[in-house]
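Please find below a short note on the structure.

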Amino acid sequence: MGADALLHAAVINNARWCDAVCRSHGYPGEFTGRLWVSARHALPFYPNAISLSPDVTAAEATSGQDPTRPYSVKDSFARLDLAPEGLTPLFDAEWIALLPAPGEPPAGDDLSWDAVTDPGDLAQWETAWAGGGDVTGLFQPALLADPDCAILACRRDHALIGGATVYTTDGVSGILNVFKSGSDAGALWVSAARAVAALRPGQPIVGYERGEDLAAARRAGFRVLAPLGVWARGSAVP
């Protein structure tokens, strides 16, 4: 898969994941080929619109917004200026991809991974993911029944110390929501990549990250594909 095709697959995969989360809350989005839009939801950390084509215009990306409510847009190709539409930049990030299958675990690796399958375990996973924040009920049990979705828990000596979500569509596996608790970020990303490769063998692993997690992903072998940006108005925080 070439770089352009890999980027396109990463963008579509991420939109499908966002749609799955919104759908689990009763807010399914609409795919038009150029955009994904779920204008009515107010879920934290998830956008209301995602550009699926680099030539999407600012007017298209914000056409579904209600100016009286929070609204956010994931500019998948970092090409939009949404300030005239009343939105402000929230953050920039980078699409990433890992093509080769990760190697054997290094000596001394004591991390293990398993799939969350029970609503009670999902609630415990979300509490760890939130890291003491007040986000609850974002990851609904309906996700556990989605065959494209896997919610992975990372354990050391049976204790939950990290995790990630995996969504597999369009020939790639998207890794998202990577978190750690008391574990080195670099070691966790290396271990997470191996876990995803074992779960979805032969699939390129894609996602997007920024800051410390981007640096850790790059040390784990991920390469940067292209930039993206997120714009928001009000309390929308995708």
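1. Strand β9 is largely enclosed by the rest of the structure, because eight of its nine residues are buried. The model under discussion is a predicted one.

2. On one side of the pairing scheme, β9 is joined to strand β8 (residues 159–169) by seven bridges in the antiparallel sense. Within this pairing, V172 of β9 has T169 opposite. The hairpin formed by β8 and β9 has two residues between the strands, and D170 there adopts a positive phi near 55°.

3. Strand β9 also pairs with β10; these two strands run parallel and are joined by two bridges. Here G174 is found opposite V206 of β10.

4. Which element gives the most to the lining of the largest pocket? That element is β9, with six residues. At least two lining residues each come from α1 (3–24), β5 (88–98), α3 (119–130), β9 (172–180) and β10 (205–209).

5. The largest pocket has a volume of about 680 Å³ and a lining of 23 residues. Those nearest its centre are F45, W129, N177, Y208 and E209. By class, the lining comprises 16 nonpolar, two polar and five charged residues.

6. As to confidence, the mean pLDDT of the chain is 92, and 94% of the residues score at least 70. Where pLDDT is low, predicted coordinates should not be read in detail.

Conventions:
Residues are numbered from 1 along each chain as its sequence is written. This is a predicted model: local features need pLDDT of at least 70, side-chain atom pairs count only at pLDDT 80 or more; totals for chains, interfaces and linings use all residues. Side-chain values use heavy atoms; hydrogens and water are left out. On a 1 Å grid over the protein atoms alone, a cavity is a set of points where a 1.4 Å probe fits but cannot get out, and a pocket is an open set with protein on both sides within 12 Å along at least five of seven lines; lining residues have an atom within 4 Å of a point. Grid points are joined across faces, edges and corners, and a volume is the space filled by probe spheres set on the points. Helices (H or I, at least four residues) and strands (E, at least two) are DSSP runs, numbered from the N terminus. Ala, Val, Leu, Ile, Met, Phe, Trp, Tyr, Cys and Pro count as nonpolar, Asp, Glu, Lys and Arg as charged, and the others, Gly among them, as polar. pLDDT is the predictor's confidence in each residue, from 0 to 100. Buried means under 20% relative accessible area, exposed over 50%, partly exposed in between (1.4 Å probe, protein chains only). Two strands pair if DSSP finds at least two bridges between them.
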